Each structure stands twice: as structure tokens, then as C-alpha cells.
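Me: I would like to learn how to read pockets, a helix and a strand in a model. Please take them in turn.

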Amino acid sequence: MSGIARRAFLAGALALPVTARPGRAAWAPAGPVTFIVPFAAGGTNDDVMRLLAAGLSGRLGQPVAIHNKPGRAGMRAIAAMANAAPDGRVLAQLPVQVIRTALLDNLGFDASRDTTPIIGVAGSAYGTIAKTDRFPDGWAGFIREAREKPGALSYGSSGINSTAHLTMARLLLRERVQVAHVPFRGAMHGARALAAGDIDVLAGTARIGEAVTAGEATWLNVWSAQRLRRWPDVPTLRELGYRLVVTTPFGIIGPPNLPAEATAAIHDAALATMQTEDFRALLERLDMTEDYRDGAAYGAFLAESARMEEMLIGRLGLQP
């Protein structure tokens, strides 16, 4: 592990308080728990939530079953939490993208009001790649060519209004350059288009780094707070002069009006799981960063995220 990665890893570990204790909590749900995960089974988010669910089950003393509900960031399944009984038997993963989806679809869903925020967990690493040798000067070379050839270059993302799309739009707006957006149904479709020369750069989760590992592409930047362990030579957006960190954080929520004792017990059980070596190793393997927040801080984060998303939607003129 490089010195930079080790310092980042230790900083994340030290950021977690050590108050959570293993063992069964004083409060426990009255029966099995359903844990809604708004992603398909077998993906990185699903892997993380299954490990958390196993930890919750062991510490709360009841089975915790994952219920995968992909599609539109699982918006409708998560919105249904507003009508669930506040007994701790229905929980959900809340990816921050849900806030954008709710605003674009005019659903009137307010995550900080219509749920009980329990704990912030982690976020996925993102970045931008280009075909090997396409931009020898890295991100600066891409921006320079974009200025010289307005509208001639293109970038791919995993879809319209995705985090990759909107972050690139923000960066290009700041640089005052015009680059065409090409949405794909998934990051790997974009990687194939990049290899074929159909697009100039591709933005997405760290999974697009598989093209870098295969020697077909090179990183231009990563969007995490620190450089990534697997690619310690790749600069962050902060290092390139942007005051921006993008990791699409997610956490755990319950129905509104979840009693304080239930919220505290679920929080402590999840935090104890997050403090295990197995969980930390999984985050590192998946290029995710720890993003712990307690219930109050997580609720404040969701409210601020809604405000920022609304401003971004208006500024970029986004449509569903």
C-alpha cells in the first residue's frame, strides 16, 4: 500500500467513532427485517449492503433479508418508506442519486423529511479516462483541445442525468468549453466505445479503471478526496484546482417517526459492522470511501444535497 493510500485508509478508520459495541442491542425488531437495496443483485452496492445486513442480523437478533429493487435508483420503492410502519422492520439503502430523481420526476419526496436518516455509510469513487496516448498532457490536454475545437470532442457517461454526466457538465461549464455528451446504458458500453475511438473521454465509477488495467486507457483524474490506492499517480479534482469531491454517498434510512431507541440500535449495529476488518477490506477492494455520518449529520447532509441538486438542475436546465 502506498504512503498516500495508507494515510487515506487510516484517516477513514480514525474518522469512525469507537462507541459502537458488538453484541445484541437493547432494542430489537419484533420480527424479520426487510432491507431494500435499489440496485440489482451482484453489483458493488449489493455486496456492501449484504455485508451490512449480515452484521445487522447478528447484532439485532433477527433475520435481515435483502430485497433488490433496481430502476430509477429504486425511487418508488424508497418513496414507499414514507408509509411503512415505524417499527424498524423495513429499512433501505438511500443513494444520494435518489434526491435528483425525485426532483426531476416532481415526486415531492423529501428524504430528510419522509424518512428517518439512520447512518451514512460510504461512497463510490469516480473519475475520467481517455484512450491511451489520446491526451499526453492529461486533463489539461483535454481541456486545451476542447477550447481549440468547440463542440468537436465528446465524453461518455452511464446515462443522462447520471452523476458522471452532471459532474462532467459542471466541470466543462466552469472551463467554458463545449463537449458533446454521449450517454450509454452502462459504463462498460462506454469503455468499448472509448477503445474504438468513438468518444474522446469516459466518466464513471472506478469500475471503468478496468480499461486502464487492460492497457486500453489512462486516467485523467479521480473525483475522490484522496488519490486511489490502486492508481496512486492519478490526480484528484482538488489537485487540479477544482473544489469538488464526488463519491455518490449512500446510507441507511428507516420510515419516518422511527423511535429513537430503534434508530440508535440500528445505527450502532451498522457502525459496529463498518468497523470490522471485513467491511473495510470490502470498501478498499471496491474502490469505495468510508463516509460515516450519524443520524443527525446524515439528515442534514440529505437536506443540503437536495438544495444543491435543485440549484444544479436549474443551472443546467435538466429534464427527466
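Reply: Bear in mind that this is a predicted model. A pocket can be read by asking which elements supply its lining; in the second largest pocket, α12 gives the most, with nine residues. The elements that each supply at least two lining residues there are α7, β11 (288-293) and α12 (295-316).

Me: How many residues line the second largest pocket, and which lie nearest its centre?

Reply: The lining has 28 residues, and Arg170, Leu244, Val245, Val246 and Met308 lie nearest the centre. About 890 Å³ of space lies in this pocket. By class, its lining divides into 14 nonpolar, five polar and nine charged residues.

Me: How much space lies in the largest pocket?

Reply: The largest pocket holds about 1300 Å³ of space. Its lining is made of 43 residues, and those nearest the centre are Phe39, Gln97, Tyr126, Ser158 and Thr205. Two or more lining residues come from each of α2 (44-60), α4 (97-104), α7 (163-175) and β8 (201-205). The largest share, four residues, is that of α4.

Me: What classes of residue make up the lining of the largest pocket?

Reply: There are 18 nonpolar, 16 polar and nine charged residues in that lining.

Me: Now the helix. Which residues of α8 are buried?

Reply: To read a helix, list its buried residues and then see where they sit around the axis. In α8 (residues 187-195), the buried residues are Ala187, Gly190, Ala191, Ala193 and Leu194. They are on the same side of α8, because they cover an arc of only 160 degrees around the axis.

Me: What covers the buried residues of α8?

Reply: The cover includes strands β5 (126-131), β8 and β9 (217-222). Strand β8 also gives two or more residues to the lining of the largest pocket.

Me: Which residue with a positive phi follows α8?

Reply: Gly197 follows α8, and its phi is near 85 degrees.

Me: Do β1 and β2 run parallel or antiparallel, and how many bridges join them?

Reply: Strands β1 and β2 (residues 64-68) run parallel, and five bridges join them.

Methods
Residues numbered from 1 in each chain as written. Predicted model: local features only at pLDDT ≥ 70, side-chain atom pairs only at ≥ 80, totals over all residues. Heavy atoms only, no water. 1 Å grid on protein atoms, 1.4 Å probe; cavity = no way out; pocket = protein on both sides within 12 Å on 5 of 7 lines; lining within 4 Å. Points joined across faces, edges and corners; volume = space filled by probe spheres on them. Nonpolar A, V, L, I, M, F, W, Y, C, P; charged D, E, K, R; others polar. Buried < 20%, exposed > 50% of the residue type's maximum accessible area, 1.4 Å probe, protein only. Arc of directions from axis to C-beta. Contact = heavy atoms within 4.5 Å. Pairing = 2+ DSSP bridges.
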